[in-house]
Amino acid sequence: MEHRVVITGMGIWSCLGTTLEQVRDALYAGKSGIIFSQERKDAGFRSALCANVERPDLKPYVARTMRHFMPEEAQYAYMATRAALAHAKLEQDYIDKHPVGIIYGNDSVAEATMRALDKFRQAQSTVACGSGSIFQSMNSTVTMNLACLFHLRGINLTASAACASGSQAIGLGALLIRDGLQDCVICGGAQEANMYSVASFDGIQAFSTREDEPTRASRPFDRDRDGLVPGGGAATVVLESYEHAVKRGAPIIAEVVSWGFSGNGAHISTPNVEGPVQSLELCLKNGNVDPKQVGYVNAHATSTHAGDGVEALAIAQVFGDYKVPVTSTKAQTGHEMWMAGASEIIYSILMMKNNFIAGNINFENPDEQTQCINVIPETREAHFDMFLSNSFGFGGTNSSIIIKNL
């Protein structure tokens, strides 16, 4: 027996806001979270552009002995998860009595690792690393910290799939619930926002250098795009089987219809069309969804020439004559990397629930590749009951998820 998978709670810590209401309003208004960072310019960055992510204060919620184990992204994830559990009306007493799982996307912990090793080298003693450094430095730091803080006794897994990590986490969680292996799984993605985590990206000239116009720098699908802008934060969704949610009296927000995935099997950083097409087609097939049922596509498009062009061609190939509305919310948030696959599900649900499509800001002119899709440049009032979200990552890892309104 296959179980329907529903979303009962959402929480986010984003450059657009730290509540669902703040984020909804920012999306509608076309607000950008991108700033110029003098700290990065002084440190030697080619591009000093980044998303402005507020650092949370965990002191009222987490004991100092536990904060000692939490790097930046785990702190974001804690706040997002705390909000998602409250939104889902999933109280600690219930969690203590039932095996709730967690699958979270995370693919690096750069700053915590760097600081621990700097202490070691300076002191020439491993003791200088500190007792919390190993737990801060592991890719699984988010899931291990959240599982301990919220007493989660179900699946405990980190999805490391580059910029598809958050999406893969949700897809895997949905798969476990569909097959009856879990009733409830907390899923999401987190990305540290410090400059050390993206220094090597800047070194390969991956970032936009439109420093005189920070809010206009991220330009997915636009002819004049010149690179991505790094972002960060965390996003959490609570997944449950439909039966479990009804029995619990949980608020049912939306349904995870299907998940598609693929590997490009080619270059480690240069994308191709075939891989994304396979992911899109598998997602539609697995959900028995006709392309014309999809009312909106939240694209992966990061504002790079190669990536945006390839995705546009893939969408056009799969959707054919149907000009489905397409936007990339990265125009407002920058590229939230390991977090993006989860946050963009939340952004799209907020649009769906409030009858609008957030405009792909800074889209002024298409190029020869991106002209083949229907990019929406300004916020549009629109009703849709189903959307598809794409997430593609280095190494050719692709993930597509279809969500339906309930």
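I take a polar contact as a pair of N or O atoms within 3.5 Å; within protein, one must be able to donate a hydrogen and the other to accept it, and residues adjacent in sequence count only if both atoms are side-chain atoms. The model is predicted: local features need pLDDT of at least 70, side-chain atom pairs count only at pLDDT 80 or more, and totals for chains, interfaces and linings use all residues. Residues are numbered from 1 along each chain as its sequence is written, and side-chain values use heavy atoms, with hydrogens and water left out.

**Ser47**

I looked up Ser47 in the loop between α2 (38-43) and β3 (49-51). Helices (H or I, at least four residues) and strands (E, at least two) are DSSP runs, numbered from the N terminus. Ser47 counts as buried because its relative accessibility is 1%. My cut-offs are buried under 20% relative accessible area, exposed over 50%, partly exposed in between (1.4 Å probe, protein chains only). A polar atom of the Ser47 side chain lies 2.5 Å from the backbone oxygen of Ser208. Beyond neighbours within four places in sequence, I find Ser47 in contact (heavy atoms within 4.5 Å) with Asp202, Phe207, Ser208, Thr209 and Glu211.

**Strand β14**

Next I checked β14 (residues 386-393); eight of its eight residues are buried. Met386, Leu388, Asn390 and Phe392 point one way, and Phe387, Ser389, Ser391 and Gly393 the other. β14 pairs (at least two DSSP bridges) in the parallel sense with β9 (residues 296-298), over three bridges. Its pairing with β15 (residues 397-405) is antiparallel, over eight bridges.
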